[in-house]
Amino acid sequence: MGEFTAAKLATLPSFINYCHGTDRADAAYWERYLQEHPAKAPMIAEARELVNIGSWMVRGEKEKSAALDRLDAYLAAPVVARSRRRYLPYVAAAASVAVLIAAAIFLTRPKHAPIAPVIETAAQNARKNLLLPDSSVVLLEHGTLVELENDYGNHRRLVRLEGTAYFKVVQDPRKPFSVLAGEYLITALGTSFRVSIRPDSLQVLLEEGKVKVEYVAGKKPELIAVLGPSDRLDLRPGATAAPQRGTFRAAELHTWKAEEIVFDNTPLTEAVRQLEAVYNIRIALQDFDPKKETFSGRFRNDRLTEVLEVLCFTLNKRYEINEDSTEIIIH
């Protein structure tokens, strides 16, 4: 064996086997060499240390490589799948919280019984007067039915009509007033008009204001007409003939309204609103509490003064008509 250094010795396979104890012949050779050359013991020891260090470095490189391989495999995995694994518990927890919140809202919300629509009908032998929740007035002809939708006045004011009715509507631009008559919708803001719906006819008489008439049985509403004061519209539902437009005399509608007025223990404020609608005049109540008064009576084609005389006699009141006959004061 020539001159060796520790670094060169540590590179010999037989010496490495000796150091690792993986080959008996190599191990016996280097044990015998150490016994025969004890002066080489420091170099042999240094070489063994180098082999051990080298072995750890190799092991480290191997473990490093394995770690990098595992990292590459992790990074190569589908991003969505990795994200789902990471965030799925949080998503599930969030969903559970959302479900609990929704359940809490559902269970703790105010309990309201379903509100049925309000249906009013007039008998076959008598008219009926109504004061709606928004103070609009309705006069129902004999045998007529009106139905207020269950949330009347919340977002809109919609009534369904079967028969003939006169409407004097309180103005509210945010909540249009509509009458559903068969397949037609008559919509107004503040106005007064009469609608008559029969299986073979629809008639609209507009006293004041403006209304539009639409056909609403199709996929989209179809505008039929926009009416102004004293306009009249007649049409036959389902017919191909064009609607007939014309005018009418206000006196005809006034006569119809005064044809029959019925009060049955009616609160005075409501009776006054109805008289205002029938006779197109303003009535003021002064110097007493009208909420404590009610009135009953039936009038047929009576003049307003005749109705007022009966009302004031019954309630022990007096009335006055201003100079231009536009307002009546009951006191």
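1. Because the model is predicted, local features need pLDDT of at least 70 and side-chain atom pairs count only at pLDDT 80 or more, while totals for chains, interfaces and linings use all residues. Residues are numbered from 1 along each chain as its sequence is written, and side-chain values use heavy atoms, with hydrogens and water left out.

2. Three strands form an open sheet in the order β15-β18-β17, with mixed pairing. Strands here are DSSP runs of E with at least two residues, helices are runs of H or I with at least four, and both are numbered from the N terminus; two strands pair if DSSP finds at least two bridges between them. β15 (282-285) and β17 (319-321) stand at the edges with a single partner strand each, so one side of each has no neighbour in the sheet. On average, and with direction ignored, neighbouring strands of this sheet are turned by 20° against each other.

3. Strand β18 (residues 327-330) pairs with β15 in the parallel sense over four bridges, and within this pairing A284 stands opposite I329 in β18.

4. The largest nonpolar core has 31 residues, of which F167, F177, I186, F193 and L202 touch the most other members. Such a core is a set of buried Ala, Val, Leu, Ile, Met, Phe, Trp, Tyr and Cys residues joined through side-chain atoms within 4.5 Å, where buried means under 20% relative accessible area, exposed over 50% and partly exposed in between (1.4 Å probe, protein chains only). Strand β5 (residues 157-168) gives the largest share of this core, four residues. Apart from it lies another core, of 30 residues, including W256 and C312.

5. Helix α7 (residues 268-279) and helix α8 (residues 304-315) pack at an angle of about 170°, with their axes 12 Å apart; axes are lines fitted to C-alpha atoms, for helices over the stretch in contact, and angles run from 0 to 180 degrees between N-to-C directions. The two helices, α7 and α8, are therefore roughly antiparallel, a term used for angles over 145 degrees. L268, L275 and Y279 in α7 meet L304, V307, L311 and L315 in α8, where contact means heavy atoms within 4.5 Å.

6. S325 lies in the loop between β17 and β18, and at 48% relative accessibility S325 counts as partly exposed. Although S325 and R282 are 43 residues apart in sequence, their C-alpha atoms are 9.4 Å apart in space.

Terms used: Parallel < 35°, antiparallel > 145°, perpendicular 65-115°, else oblique.
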